[in-house]
Amino acid sequence: MSLQEPLRFRPILIEKVWGGDHLAAHVEGGLPEGARIGEVWSLVDRLDGGSEVEGGTFDGRSLRGLMLSEREALLGRTPAGPDDTFPLLIKLLDAHLPLSVQVHPDHKAAELMGGDATAKDECWYVLSADEDCGFLLGLREGVDPTTFAQNAGTPAVVDLLQSFTARPGQFVFVPAGTVHSIGSGVRLVEVQENSDTTLRLYDWDRPGLDGELRECQPELALSAIHYERRSKGPQMPVLQGEEGPNRHADLLTTPTFTVELLEVHEAESYDTDGRPWIHVVLSGQGTLRRKEGEGAWTLGKGETWLLPADLGAYRIDDLDGELRLLRVSVREETPA
């Protein structure tokens with residue numbers, strides 16, 4: 001079957017001990033009253049559950065089901081992810097309280113760990129941030145593996161990490177092997193490999209939603225860290241345009257995915273070129289139209305749209321002068 005229309009999925013709301021209610025403005029219908037929603041998964045394909053299409057021809061179909069029955073139309077010439085799942089996961093995140101100090105393994109470390117461990121490069125686009133809040137990203141200069149290991153699992157580990165202030169509009173790359181934490185008061189979009197492997201080094205000695213202390217895995221985490229790496233920290237994208245109203249910035253290229261930032265004020269044409277693309281609407285409203293055949297879809301703030309490889313040529317129009325998007329592609333290369 002051909003997949004020649006963009007797909008939008010029902011958001012999956014995930015309560016976290018560190019979550020809040022600031023994502024209500026990015027979720028149609030708002031959030032449940034009193035719930036601490038830390039993450040909204042807007043595109044996910046996992047064997048234990050995943051996204052369901054909302055609206056259109058495929059309303060109610062799961063991304064898992066589409067991967068099984070329409071994989072070629074969906075992925076084109078790009079490889080699938082772990083367990084033949086869709087290779088990327090998109091989420092919105094609200095850190096009302098700080099996240100744990102954690103690290104994700106790269107492909108080599110995940111293979112050595114075995115089990116269901118999978119690699120995870122990730123990146124963040126900051127939607128909003130309270131004053132004087134920020135991130136912990138990577139080890140400070142001069143911190144060696146022995147010193148870090150001696151402090152893993154204790155509050156002292158925080159002082160061994162680089163600290164950065166968060167600002168709306170920043171972009172942050174967090175490659176696998178980078179120790180990190182998101183501080184309280186930060187809301188962001190996260191683009192990542194399809195992995196849920198998180199190794200905690202320290203979790204502020206707090207209980208989880210069940211009242212029990214959350215598990216930390218300092219020994220495994222220490223084996224996944226790239227000790228020689230120093231994070232550049234948050235970067236403010238520089239948007240560029242060629243004598244026109246539309247602007248863009250190339251934000252990131254990894255072996256698995258690429259990320260661009262788009263500002264669209266006049267109609268702009270694109271093509272899926274035989275691979276899937278994801279559009280995350282950061283602000284404003286717009287429309288997406290196929291260049292061949294019928295169909296027009298309204299793009300709204302907070303939405304994530306998956307454009308199957310089959311879609312082909314399309315264009316995006318601005319409706320309110322505020323349209324800004326992340327445009328994410330799944331690369332053809334298979335990570336080593």
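V17 sits in strand β2, which covers residues 12-20 (strands are DSSP runs of E with at least two residues, numbered from the N terminus). This is a predicted model, so local features need pLDDT of at least 70 and side-chain atom pairs count only at pLDDT 80 or more, while totals for chains, interfaces and linings use all residues. Residues are numbered from 1 along each chain as its sequence is written, and side-chain values use heavy atoms, with hydrogens and water left out.

With a relative accessible area of 10%, V17 is buried (buried is under 20%, exposed over 50%, partly exposed in between, using a 1.4 Å probe and protein chains only). Leaving aside residues up to four places away in sequence, V17 touches R36, L97, R206, P207, G208, L209 and R214 (a contact means heavy atoms within 4.5 Å). G211 is 194 residues from V17 in sequence, yet their C-alpha atoms are 9.7 Å apart in space.

## A four-stranded open sheet

Further along, 4 strands make an open sheet with antiparallel pairing, in the order β17-β22-β19-β20 (two strands pair if DSSP finds at least two bridges between them). The edges are β17 (268-271) and β20 (296-299); each has a single partner strand, so one side of each has no neighbour in the sheet. From one strand to the next, the twist averages 25 degrees (axes are lines fitted to C-alpha atoms, and angles run from 0 to 180 degrees between N-to-C directions).

How many bridges join β19 to β22? There are 5, between residues 286-290 of β19 and residues 313-318 of β22, and the two strands run antiparallel. As for R289, its bridge partner in β22 is R315.

## Cysteines

The disulfide count is 0 (a disulfide is a pair of cysteine sulfur atoms within 2.5 Å). C133 is in none, and the nearest cysteine sulfur, which belongs to C123, is 19 Å away.

Is C133 buried or exposed? C133 counts as buried, because its relative accessibility is 7%. C216, at 28%, counts as partly exposed.

## The cavity

The structure has 1 cavity of 30 Å³ or more (a cavity is a set of points on a 1 Å grid over the protein atoms alone where a 1.4 Å probe fits but cannot get out). The largest cavity has a volume of about 30 Å³, volume being the space filled by probe spheres set on the points. Its lining consists of G138, L139, G177, T178, V179, H226, R229 and S231 (lining residues have an atom within 4 Å of a point).

Definitions and conventions. On a 1 Å grid over the protein atoms alone, a cavity is a set of points where a 1.4 Å probe fits but cannot get out, and a pocket is an open set with protein on both sides within 12 Å along at least five of seven lines; lining residues have an atom within 4 Å of a point.
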